[in-house]
Amino acid sequence: MKIGSVIKDIRKRKKITQTQLAELSNITQTYLSQIENNQKEPTIQTIKSIAENLAIPLPVLLFMAVENEDIPENKREIYSMISPSVKSLLDTFFNDDK
């Protein structure tokens with residue numbers, strides 16, 4: 001799961017700077033940068049705060065970060081079939097630009 005990449009993508013699409021999101025989330029810009037570059041794993045409380053400040057429900061943020069390797073091998077085929085559609089739907093629903 002690469003939650004940092006998802007946070008970075010959503011933040012950029014919402015035109016929020018790292019500094020702004022870090023301040024809103026009560027973390028440093030350096031720490032946010034490390035999270036977004038998947039160098040640090042944030043606590044669930046930090047992820048929750050970031051999700052709130054991005055106006056994305058926590059479960060949606062977590063689902064968007066799920067990768068094929070996170071799914072049990074016997075369920076990867078079905079996940080691979082449904083994941084793109086579900087992620088696209090969630091992205092459309094929660095993206096301010098659409």
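Keep in mind that the model is predicted.

Let's begin inside. The largest nonpolar core holds 20 residues, and the ones that touch the most other members are Ile7, Leu21, Leu32, Ile50, Leu54 and Leu61. Several helices share in building this core: helix 1 (3-13), helix 2 (18-24), helix 3 (29-36), helix 4 (44-53) and helix 5 (58-65) each give two or more residues to it. Setting aside neighbours within four places in sequence, Leu32 is in contact with Ile7, Gln18, Leu21, Ala22, Ile27 and Ile50.

Next, the empty spaces. Rolling a probe the size of a water molecule over the atoms shows where such space is left. Around it you will find Ile10, Arg13, Lys14, Ile56, Val60, Met64, Leu90, Asp91, Phe94 and Asn95. Helix 1, helix 5 and helix 6 (76-94) each contribute at least two residues to that lining, with helix 6 giving the largest share, three residues. By class, the lining of the largest cavity splits into six nonpolar, one polar and three charged residues.

There is also open space to look at. The largest pocket has a volume of about 170 Å³. Its lining includes Met1, Lys2, Ile3 and Gly4, together with Ile35, Asn38, Gln39, Lys40, Glu41, Pro42 and Ile47. Sorted by class, the pocket lining has five nonpolar, three polar and three charged residues.

Finally, have a look at the backbone in two loops. Most residues other than glycine have a negative phi. Asn26 is not a glycine, yet it has a positive phi of about 60°. You can find Asn26 in the loop between helix 2 and helix 3. Is Asn26 buried or exposed? Asn26 counts as exposed because its relative accessibility is 73%, where the cut-off for exposed is over 50%.

Ala55 sits in the loop between helix 4 and helix 5. With a relative accessibility of 52%, Ala55 therefore counts as exposed.

Key
Residues are numbered from 1 along each chain as its sequence is written. This is a predicted model: local features need pLDDT of at least 70, side-chain atom pairs count only at pLDDT 80 or more; totals for chains, interfaces and linings use all residues. Side-chain values use heavy atoms; hydrogens and water are left out. On a 1 Å grid over the protein atoms alone, a cavity is a set of points where a 1.4 Å probe fits but cannot get out, and a pocket is an open set with protein on both sides within 12 Å along at least five of seven lines; lining residues have an atom within 4 Å of a point. Grid points are joined across faces, edges and corners, and a volume is the space filled by probe spheres set on the points. Ala, Val, Leu, Ile, Met, Phe, Trp, Tyr, Cys and Pro count as nonpolar, Asp, Glu, Lys and Arg as charged, and the others, Gly among them, as polar. A nonpolar core is a set of buried Ala, Val, Leu, Ile, Met, Phe, Trp, Tyr and Cys residues joined through side-chain atoms within 4.5 Å. Buried means under 20% relative accessible area, exposed over 50%, partly exposed in between (1.4 Å probe, protein chains only). Helices (H or I, at least four residues) and strands (E, at least two) are DSSP runs, numbered from the N terminus. Contact means heavy atoms within 4.5 Å.
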